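Here is a briefing on charged side-chain pairs. Start with the view below, then read the points by topic.

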Amino acid sequence: MRCFAPAGAVSSSAILFFSPNNNIFISRKEKICGFVAKLSNNNDPLLQSAINGASHRFQETQKPEPLFVDPYAGCFLTDYGVQRDIDRYSSSASHYCLATKFIDDKLLDTMTKTDELRQVVLFTDGMDTRPYRLKWPTSTVMFDVSAEQVYIKAAQKLKDVGAKVPRRCLLVHVPSNSSDTLEILYRKGFNGNRPSIWALQGIPMMTLENFKDIMVLVSSLATKGCIFVGELPAWLVDTESAMKGLEQPNTWNWMDKFFRSNGFRVNIIDYDEVAENLGRDPPSGDGKNILFVAEQLRLSDSQMESWRAQFQRVEEEGDEDGFDEL
């Protein structure tokens, strides 16, 4: 599954800004969010994108009454010339932090209500701290699907500050640039016959095909009734229509059709409603992402294989009984 932006050459004199949907903006004049990081010749856009997300979480954590506390976000910012400006809080940061809180709560609430649910798959930018900062149930196994080069740097930073996953829990990394992500997940312990929950936030997607690859993966591995929560770039809705020369589709209709074609029932979550439920003012401006929760309606591939094997045994036993009667 190759679902990330290729590294490209960028002028070292520019300042690079990333929105939460990982689109890249170059500006030399105006700072559009509370943090900026000056580029060097060795900067990796994937790394910069992850740093931007970490900066939003760090900024939220510094508030008197934060939506969440990320004690580790700051450790990612120390080596990249990040400047702090708490007073300037961009619309993109606000949407990102609301989504982060919503996804956090959905993950933990769902796991609390489902006794057998102990598998979590996170599609991330490589600097996701959920495995370290959330209170996961005992025996939870977390699979972080992200760019390997970012994850390795982040893991070392977290190790340096003493971050650890909860006791008796396990964190496993799965490179997002692999062409056989499904096989790697199986090889690293994922069980397609057991419940799982899936979250999408931060992993760079440059084309609609990238998201289709993710959906095929989740549809193949998630058992019936599993939850898929996250946010995806809003421009994905327009991409297919633009390629076919069609009118811009209704967001809800496109999401419903796309998710149903992959075996999921989806709900779009309003950022304003999330803010209201959390006692916050609605975020200003239009968000660049779509926040969603989806439920798997089909059996996973492993469940289907188990069903076929059981059906075959029943048929064979029936044939043997019939032979004995003769």
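A salt bridge here is a side-chain nitrogen of Lys or Arg within 4 Å of a carboxyl oxygen of Asp or Glu. By this rule the count comes to twelve salt bridges. The model is predicted: local features need pLDDT of at least 70, side-chain atom pairs count only at pLDDT 80 or more, and totals for chains, interfaces and linings use all residues. Residues are numbered from 1 along each chain as its sequence is written, and side-chain values use heavy atoms, with hydrogens and water left out.

**Pairs within a helix** (helices are DSSP runs of H or I, at least four residues; strands are runs of E, at least two; both are numbered from the N terminus)

- Asp 105 and Lys 101 form a salt bridge at 3.3 Å, N to O. Both sit in helix 2 (residues 91-113), four residues apart, about one turn of the helix.
- Lys 212 pairs with Glu 209 at 3.5 Å, N to O. Both belong to helix 6 (residues 208-221), three residues apart, about one turn of the helix.

- Glu 60 bridges to Arg 280, with the closest N and O atoms 3.0 Å apart. Glu 60 is in helix 1 (residues 45-61); Arg 280 is in the loop between helix 9 (271-277) and strand 11 (289-296), 220 residues away.

**Accessibility** (buried: under 20% relative accessible area; exposed: over 50%; partly exposed: in between; 1.4 Å probe, protein chains only)

- Glu 60 is buried, at 0%.
- Asp 105 is partly exposed, at 29%.
- Lys 212 is partly exposed at 26%, and Glu 209 is partly exposed at 46%.
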